[in-house]
Amino acid sequence: DMTELEQKAILSITMMAALADGNRTEQERGEIEKLAASFAGSKLNVDEIYHDVLLRKISLPEAAGQLQGADAKEAAYELAVGACNADGATNELEKKFLSALAQSLNLAPEVVGKYHKEAEAVAQLPVPTGAPAGTAPKMSEAEMDDMIRKAAIVNAALELMPETLSTLAIIPLQMRMVYRIGQNFGFELDQSYIKDFAGTLGIGMSSQFLEVVARKILGGVLGGVGRQAASSGMSFAVTYALGQVAKKYYASGRKIDTVQLKEIFSKMVADAGSMKDKYSQEIQSKIAELKGKSFSDISKG
C-alpha cells in the first residue's frame, strides 16, 4: 500500500502536470480550483495540495523524492502522462515537464516509453468519421438513450478500476458519444468543437481527469489496493448528463442558449446521481468485462 505521503506526492505531481502546458485559460484554472476546494477537509487536503503546487511551495524533484516504491513512481508518471494528454496531444512545455519527471523518478526508458505509447493511443483517438453527417442510419430516441446509458455505465466502471490509465479513456468515450448524437441530427462535429461544447457546460477535460484521480487516491483504489472506492458516480452522472444535453441541443438545431444549456445540464447531473445505484450491478459486471482490455480498445467503444 502507498503511504499518505506518497499519495500526496502523486496528487501534487498530477496537478503540476495538469498545469504544465502554460496556457490554461482562466476558466480552466477556475475549474481546477473549484474541484480542489470541493475536497477540502478530506483525508488528503486536495485544496492545500493545489495551492502548494500553484504557489510553488513544493518543487517537482521534492515531490518525486517522496516516492519510494517502484509502483508509486510508475503510478505518478503514468498519471502525469494522463494529465498532460487529457486535453489532447502534449505540447513542448508538457514534454519538457515529463522528461524532467522521468529523470527525477529515475525511470527506465522502456517504462517511460510504454506509458507514452498507451496514453497517445487513447488521447489521439480521432473522433470517428465514418459516414458523413446525415447519411448514417438514424437512431431512434430510445436507441440514443440506450447508447447514452451504456456510455455512462462504461465510464462509471472505468472510474472504479485500479489501473491508472483507465481514467484517460473516459474523455474520448464522452467525445465519441457527443459525436454520434450530433451526427444523428445531421451535424458533423470535430474534436475541438466537442471540447468547446463540453467546456460551455463547465466540463473541463483536465479538471475531470484530476477529479477521478483524486477520488481513486482517496478511495484507496489507486495502487491496486483492490477495494472499491466509495465512488461518487461522478463519471456516470457527467457522461449521462452530457449525452442528454447534447441530444436536446442538436435536436433543437443548436438553438438553445448557453444559460439554458447549463441549467439543463445541472438538472440532468442531479437526475443521474439518483439513477446510478439502479445500475450498480451492470457497472460491476462491466468492470469484470473491461479487465485486461487495452485502453485504446476500450476508448474505441
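I began at Gly-253, which takes a positive phi of about 75° just after helix 12. The model is predicted, so I took local features only at pLDDT of at least 70 and side-chain atom pairs at pLDDT 80 or more, while totals for chains, interfaces and linings use all residues. Residues are numbered from 1 along each chain as its sequence is written, and side-chain values use heavy atoms, with hydrogens and water left out.

Helix 12. I noted that helix 12 covers residues 234–251; helices here are DSSP runs of H or I with at least four residues, strands are runs of E with at least two, and both are numbered from the N terminus. Its 18 residues reach 26 Å from first C-alpha to last, close to the 26 Å expected at 1.5 Å a residue, the expected span being 1.5 Å times one less than the number of residues. I found 16 of the 18 residues buried, so helix 12 is largely enclosed by the rest of the structure. Buried means under 20% relative accessible area, exposed over 50% and partly exposed in between, with a 1.4 Å probe and protein chains only.

Most residues other than glycine have a negative phi. I looked up two exceptions. Arg-254 has phi near 65° and is found in the loop between helix 12 and helix 13 (258–275). Arg-254 is partly exposed, at 36% relative accessible area. Asn-106 has phi near 60° and lies in the loop between helix 6 (92–105) and helix 7 (109–123). Asn-106 is exposed, at 67%.

Helix 8 with helix 9. I read an angle of about 175° between helix 8 (residues 141–160) and helix 9 (residues 170–184), with axes 10 Å apart. Axes are lines fitted to C-alpha atoms over the stretch in contact, and angles run from 0 to 180 degrees between N-to-C directions. The two helices are therefore roughly antiparallel, a term for angles over 145 degrees. The contact residues divide into ten nonpolar, three polar and two charged.

I found 14 of its 15 residues buried, so helix 9 is largely enclosed by the rest of the structure. Its end C-alpha atoms are 22 Å apart, which agrees with the 21 Å its length should span. Gly-186 follows helix 9 with a positive phi near 90°.

Whole chain. I counted 15 helices and zero strands. Buried residues make up 53% of the 301 residues.

How values were computed
Parallel < 35°, antiparallel > 145°, perpendicular 65-115°, else oblique. Nonpolar A, V, L, I, M, F, W, Y, C, P; charged D, E, K, R; others polar.
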